[in-house]
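Student: Could you walk me through some features of this model? I'd like to learn how to read them.

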Amino acid sequence: MKQLIDRLAETHSLTQEEWYELLTCYNKKTAAYAAEKARKTAQLRFGNNIYIRGLIEFTNICKNDCYYCGLRASNAKCRRYRLTPEDILSCCQNGYRLGFRTFVLQGGEDPGFSDETLCNVVQTIKQAYPDCAVTLSVGERPRRVYEDFKKAGADRYLLRHETADDDHYRQLHPESLSPAVRKQCIYDLKELGFQVGTGFLVGSPFQKAEHICADLLFIQHLMPQMIGIGPFIPHQDTPFAGEPAGSLELTLFLISLLRLLHPNALIPATTAIGTLQEGGREQAILCGANVVMPNLSPSDHRKDYSLYNNKLTDGAEAAESRDALDARLNAIGYRTVTDRGDYQSR
Ligand code: SAH
């Protein structure tokens, strides 16, 4: 086991058989060994700096019907909202004052918020804050639309592949969504010059070790600039309401492995990890994560961007509590920095 982890740290790749062995045979000791190595790897690259991104969840309206997601079109109980461009701009203004130099515009696939409007919003943000990066996370679009987003000034794009196994993908999504299209979108984004983030759900229904191997191999092949993973957490008004949540231990082990696989990657300690367990985000940082994404959305809508049950919206999760976040990170020897935090391939 330790040899495999050492090999991963040296060569930044493993074979499918090796990944499988790691995932099926690891124990607490192995995980602790990987975590320590991953933490040191991150510290060597990033010191004790943690990058912050201001997350603006600008629409919870979605035409898709992903079985795991609380924003799915069929969820009639979801109270829908859509911010105006002015609302989004005022989130940025607020965020800039708080020291955020990256704004992440995330949303459902909302046909009512046109690509053109989104381009205009990106342009306006880039004009108003030329020292800031804009990240989009609005799902699948035709390549030409991604091109327009790029021309408008978007720097980065987050699109998780969710699961790299085609059959598993179909178990998590309706027929209208295809694993091939999802992956093609990710390759298009990379080719167009975005800093690209992908990632997967840990412990989603029907997930097997083989699927996680496929996820790791996909990432090993793609080498995205950002990698976001988090535990699946059930949402009460979805078909997966009764399914168990993913495991914190496995999520943390995977973060350690991802850091060793890709030492320069930007890896967030996601909200889902913090939701699953108090202090989970700090644990993720101690396993090599180096990004946090506090919520900059208007507070009256935060509860409605309900991807899963009990999603954290306050305390250190809220952008306006940067002091609280700093205090928590200081307690484990880290600090947030006011910096765009671009990917660097050193
Ligand atoms: N529409 C955008 C943004 C989706 S929300 C897109 O398609 O990329 C961001 C992420 O939340 C998703 O990629 C998914 O991995 C995660 N998510 C959705 N439902 C979840 C759940 N029940 N538990 C944990 N994470 C979830």
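Student: How far from a nitrogen atom of the ligand does a backbone N or O atom of Y68 lie?

Tutor: The distance is 2.9 Å, from a backbone N or O atom of Y68 to a nitrogen atom of the ligand. A polar contact here is a pair of N or O atoms within 3.5 Å; within protein, one must be able to donate a hydrogen and the other to accept it, and residues adjacent in sequence count only if both atoms are side-chain atoms. Before we go on: this is a predicted model, where local features need pLDDT of at least 70 and side-chain atom pairs count only at pLDDT 80 or more, while totals for chains, interfaces and linings use all residues. Residues are numbered from 1 along each chain as its sequence is written, and side-chain values use heavy atoms, leaving out hydrogens and water.

Student: Now helices. How do the axes of α2 and α10 pack?

Tutor: Helices are DSSP runs (H or I, at least four residues), numbered from the N terminus. Axes are lines fitted to C-alpha atoms over the stretch in contact, and angles run from 0 to 180 degrees between N-to-C directions. Here α2 (residues 16-25) and α10 (residues 248-261) pack at about 150 degrees, axes 11 Å apart. So they're roughly antiparallel, the label for angles over 145 degrees, with under 35 being roughly parallel.

Student: Which residues make that contact?

Tutor: Taking contact as heavy atoms within 4.5 Å, W19, L22 and L23 of α2 meet L250, F253, L254, L257 and L261 of α10. By class, that's 8 nonpolar, no polar and no charged residues.

Student: What about α4 and α5: at what angle do they cross?

Tutor: Roughly 30 degrees, with the axes of α4 (residues 85-97) and α5 (residues 115-128) coming within 10 Å. They are therefore roughly parallel. P85, I88, L89 and C92 in α4 meet T117, V121, T124 and I125 in α5.

Student: And which residues join α8 to α9?

Tutor: The axes of α8 (residues 179-191) and α9 (residues 209-222) come within 12 Å and cross at roughly 20 degrees. K183, I186, Y187 and K190 of α8 contact F218, H221 and L222 of α9.

Conventions: Helices (H or I, at least four residues) and strands (E, at least two) are DSSP runs, numbered from the N terminus. Angles under 35 degrees count as roughly parallel, over 145 as roughly antiparallel, 65 to 115 as roughly perpendicular and the rest as oblique. Ala, Val, Leu, Ile, Met, Phe, Trp, Tyr, Cys and Pro count as nonpolar, Asp, Glu, Lys and Arg as charged, and the others, Gly among them, as polar.
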